[in-house]
Structures are given as C-alpha cells and as structure tokens.
Amino acid sequence: MDGSRTVLPEAYVITEGSVIREVGTGTPPAFEGRRIDGKGGILMPGLINAHTHLPMILMRGYGDGHDLQEWLTRYIFPVEDKWDSRAVRAATGLALCDLISCGVTTVADMYYFCEDIAAETAASGLNANLSRSITIFDAAGYDFKTHPSCRQARELAEKWHGYNGGQILTDVSIHAEYTSFACPSLWKDLSGYAKENGLGMQVHISETRKEHEECLSRWNKTPVGILNEYGVWDVRSVAAHCVWVTPSDRELMAEKGVSVAHNPISNLKLGSGIAPVPEFMEAGINVCLGTDSVSSNNSHDLFEEIKAAVLLQTGTRCDPLALSAWDALEMATVNGARALGRNTGRIQAGCDADLVLLDPEAVNLTPCHDVASNLVYSARGSNVVMTVARGKILYERGRFFTIDLQRVKKEVTEYALPLLFGKG
C-alpha cells in the first residue's frame with residue numbers, strides 16, 4: 001500500500017515487538033522467532049473499519065425493512081434503553097471476534113458504555129479509536145462540565161487515550177446534527193476539548209436526504225456547513241456516510257482535511273443512497289471504509305464493503321474506471337490509517353505490525369492473475385487464516401487467542417439477548 005502500489009512476490013516480513021522491522025524478497029535472513037510459512041497466500045495490511053458501533057451486533061437483522069429514522073425510533077432506540085454493562089461487554093466480545101476473523105486489525109467505534117467497550121477491546125489486542133457518541137435533545141440545564149455524556153467522554157479520554165502504546169486512542173463524537181441541534185453549545189465545547197487535548201472527531205453527516213434537508217431548513221446551512229461554524233472540523237475528523245453532501249461541502253471538507261468514512265452496504269440496506277466517492281477523491285478528500293453497525297449491515301466483513309464500494313460506482317455510472325480495485329484497497333487500509341491518525345495500513349519497516357494472511361489454497365482465490373483484483377472481487381472474510389495486530393497473533397485458522405469465544409457466546413445467549421429481547 002505504498003504510493004507505487006507495489007506487489008512483492010515471494011516476499012518475507014519480519015516483525016519485532018509491535019512493529020515491522022524488515023520487508024524483503026528472496027530468502028529471509030537468520031531469525032530466532034517463530035517462522036510462519038504463507039507460501040502461495042496473500043499477506044496484506046490489516047483492514048481498518050473506520051466506522052461502526054460494536055455492541056449493536058446483537059441487533060443483527062432486527063427491524064429490517066425500514067428507513068433510517070423509522071428503524072432508529074421504532075426498533076433500535078427502544079432496545080438500546082435496556083443495555084447494561086454486562087450485556088455490552090458480551091456484545092462487544094462477539095463483535096470483536098467477528099471483526100478479527102474477517103481480517104480487521106483496527107476499528108473506529110461510536111457508542112456509549114465506553115468503559116466496557118474499551119476494556120474488552122484492550123484485552124482483545126485489536127486497535128481501536130473509541131468515542132462516546134453524544135446526543136442532546138433538550139438543552140435545558142446543559143453544562144459541558146456536568147452533563148453525564150460529556151463527563152463520560154472526558155473520563156474515557158483521561159483513562160484510555162494512548163493505552164498500551166497507542167493500541168487504544170480516543171476521539172470525541174457528536175452523534176449527528178439532527179440528534180443535537182437543540183444544543184449547538186455542545187458542538188463548540190466538544191470541538192474545543194478535542195483541540196485542547198489532541199483528540200480526533202467522529203460524526204454522522206448527511207446520511208439521508210431527510211437529515212440533510214431538515215438541517216438546511218433549520219440553519220440555511222448543510223450539516224457540514226453548520227458544524228464548521230462551531231469548529232468541529234478544526235481537528236482530525238472522520239465524517240461517516242456523507243451521501244448527500246454538496247459540492248461546496250466537498251470543498252470545505254478538503255480544505256479542513258476531513259476524512260469520509262464510506263459505508264456502502266449500510267447505506268444501500270437502509271435506502272439512504274450512494275455517496276459520491278469519485279467526487280470526494282477528485283476534491284482531494286481522504287476516503288476510508290466502514291461497515292456501520294451490524295444492525296444496519298448484518299455483517300462486519302470489510303471485504304464485502306471493498307467490493308461494493310467499487311461496483312456501486314462502476315455500475316451506477318456505467319464506467320468501469322469510475323473506481324479501481326486499488327482505490328478500494330487503499331480505502332480499507334492506508335486511507336483508514338490516515339483518517340484515524342495511525343501508523344499502519346502499509347507493510348513497511350517502522351509501521352505497526354498489523355497484518356492479515358489469506359488462505360493460499362482457497363478455491364475462490366484460484367487462480368490469481370492479479371492480486372488486487374482477487375482481493376477486491378473474489379476475497380471474503382472467511383478466506384482470512386491469520387490476523388496479527390501490533391505483532392501479536394489474535395486469530396489463526398479458526399482459533400482466537402485473546403478472546404474466549406465460547407464464554408462470549410454463552411453470555412450473549414443466556415444473558416444479553418434475554419435482557420434486550422426477552423428471549424434467548
């Protein structure tokens with residue numbers, strides 16, 4: 001994933017501690033650690049899921065067949081009111097197994113119960129940018145210092161930001177303009193706090209036409225435009241979805257260095273539309289990929305997103321060159337690293353040792369005339385045979401080394417699901 005889009009046949013990679021020490025071709029030098037023979041397979045940078053909501057995996061398939069607003073208000077919000085710490089931990093563990101087995105080594109999450117999510121994620125070995133997603137529907141009595149959500153966001157940053165050499169980073173998060181327009185002071189306070197403490201920002205932006213147009217009616221400005229007035233884009237920022245952003249929005253986002261987290265399958269499933277990815281790229285905007293929650297996608301398989309990202313643009317524009325396979329691979333790796341402020345996404349000496357090995361004998365990857373094409377159009381998460389994060393093997397051929405999957409499943413079926421849905 002360098003600027004030349006290099007593919008090295010018969011290569012070796014040496015990791016030391018949490019970083020890549022050496023990359024070369026031919027016979028590897030003398031080495032005293034474990035040797036892993038991946039001959040015939042594909043070694044690639046770990047995938048980066050730049051937008052999701054981990055515990056929502058327990059709502060997989062729940063409330064399907066509705067647009068975003070009806071789905072949220074009739075199905076998702078009522079279930080989320082029932083969460084407790086134990087259920088969130090079980091759900092997070094299940095989500096982490098799902099991600100790791102599909103080759104994801106870094107994730108950006110927006111949710112609440114963040115202390116529980118952080119603890120489970122830290123123990124799993126997965127890299128994560130975690131944020132306490134904040135909504136405010138009534139500004140009465142609002143005070144940044146005392147508001148529970150804001151206090152939790154600060155506590156998250158104070159305890160977890162930079163944990164384990166940067167395995168866990170924390171961002172701040174405005175859930176969206178439409179879930180906080182009653183309190184624009186929040187936008188100013190959060191962006192100010194992020195700037196003072198060197199944190200990033202995560203926000204949902206212009207996901208649906210309704211959201212976008214209602215914001216225009218309220219402010220005579222788009223979500224991108226009104227949040228800009230409160231300094232939201234003055235820090236490293238990731239704007240999720242961006243389906244309905246305008247040309248002037250794109251100019252502003254490029255100027256401010258805002259990254260777009262593109263979620264093609266979630267946007268399709270909820271009928272939200274198709275984000276103008278080629279226009280983002282033409283404007284110089286960094287575009288990365290996310291699955292969104294499993295509840296609005298039904299999968300954490302980022303390989304599905306990679307394929308969908310390309311086919312959506314080539315198919316709807318009747319142009320096979322609208323987006324290339326390499327463009328999509330970069331979105332899922334090096335672009336995601338840039339968006340999240342991380343030294344990963346490339347197989348290069350000095351980068352974090354986040355690596356994924358794909359099955360050398362997989363039928364659906366045989367033959368391989370073009371590696372990028374195979375990864376984008378043929379690969380699936382089930383082809384992953386090894387996931388390494390920060391030099392540590394998290395998963396190998398069906399075995400998880402940092403998570404007790406059977407314990408997680410037991411907690412999910414015997415406690416979390418009955419709590420949320422009244423059934424096992």
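This is a predicted model: local features need pLDDT of at least 70, side-chain atom pairs count only at pLDDT 80 or more; totals for chains, interfaces and linings use all residues.

Student: Which residue in β11 is the bridge partner of Ala 261?
Tutor: Strands β10 and β11 pair in the parallel sense, over 3 bridges. In β11, the partner of Ala 261 is Cys 288.

Student: Which residue stands opposite Val 260?
Tutor: Strand β9 (residues 237-241) runs parallel to β10, and 3 bridges join the two. Together with helix α9 (residues 247-256), β9 and β10 make a right-handed β-α-β unit. The residue opposite Val 260 is Ala 239.

Student: Why does Asn 286 count as buried?
Tutor: Asn 286 is placed in the loop between α11 (277-282) and β11 (287-289). A residue is called buried when its relative accessible area is under 20%. Asn 286 counts as buried because its relative accessibility is 13%.

Student: How many disulfides does the structure hold?
Tutor: A disulfide is a covalent bond between the sulfur atoms of two cysteines. To count here, two cysteine sulfur atoms must be within 2.5 Å. The number of disulfides in the structure is 0.

Student: How far is Cys 183 from the nearest cysteine sulfur?
Tutor: Cys 183 is in no disulfide. Its relative accessibility is 3%, so Cys 183 counts as buried. The nearest cysteine sulfur belongs to Cys 150, at 7.8 Å.

Student: Which cysteine has the sulfur nearest to Cys 215?
Tutor: Cys 215 is buried, with a relative accessible area of 0%. Cys 215 is in no disulfide either, and the nearest cysteine sulfur is 13 Å away. That sulfur is in Cys 242.

Student: Which strands stand at the edges of the open sheet of 5 strands?
Tutor: The pairing in this sheet is antiparallel, and the order is β3-β12-β13-β14-β15. An edge strand here has a single partner strand, so one side is left without a neighbour in the sheet. The edge strands are β3 (42-45) and β15 (399-400).

Student: What is the bridge partner of Met 44 in β12?
Tutor: β3 pairs with strand β12 (residues 355-358) in the antiparallel sense, over 4 bridges. In β12, the partner of Met 44 is Val 356.

Student: What radius of gyration does the protein chain have?
Tutor: The C-alpha trace spans about 65 × 50 × 40 Å along its principal axes. A compact globule with 424 residues would have a radius of gyration near 22 Å. The value for the protein chain agrees with this: 21 Å.

Student: How many helices and strands does the protein chain have, and what share of its residues count as buried?
Tutor: The secondary structure comes to 16 helices and 15 strands. Of the 424 residues, the share that count as buried is 57%.

Terms used. Residues are numbered from 1 along each chain as its sequence is written. Side-chain values use heavy atoms; hydrogens and water are left out. Buried means under 20% relative accessible area, exposed over 50%, partly exposed in between (1.4 Å probe, protein chains only). Two strands pair if DSSP finds at least two bridges between them. A crossover is right-handed if, with the strands pointing away from the viewer, the path from the first strand over the helix to the second runs clockwise. The radius of gyration is taken over C-alpha atoms; the globule rule is 2.2 Å times the number of residues to the power 0.38.
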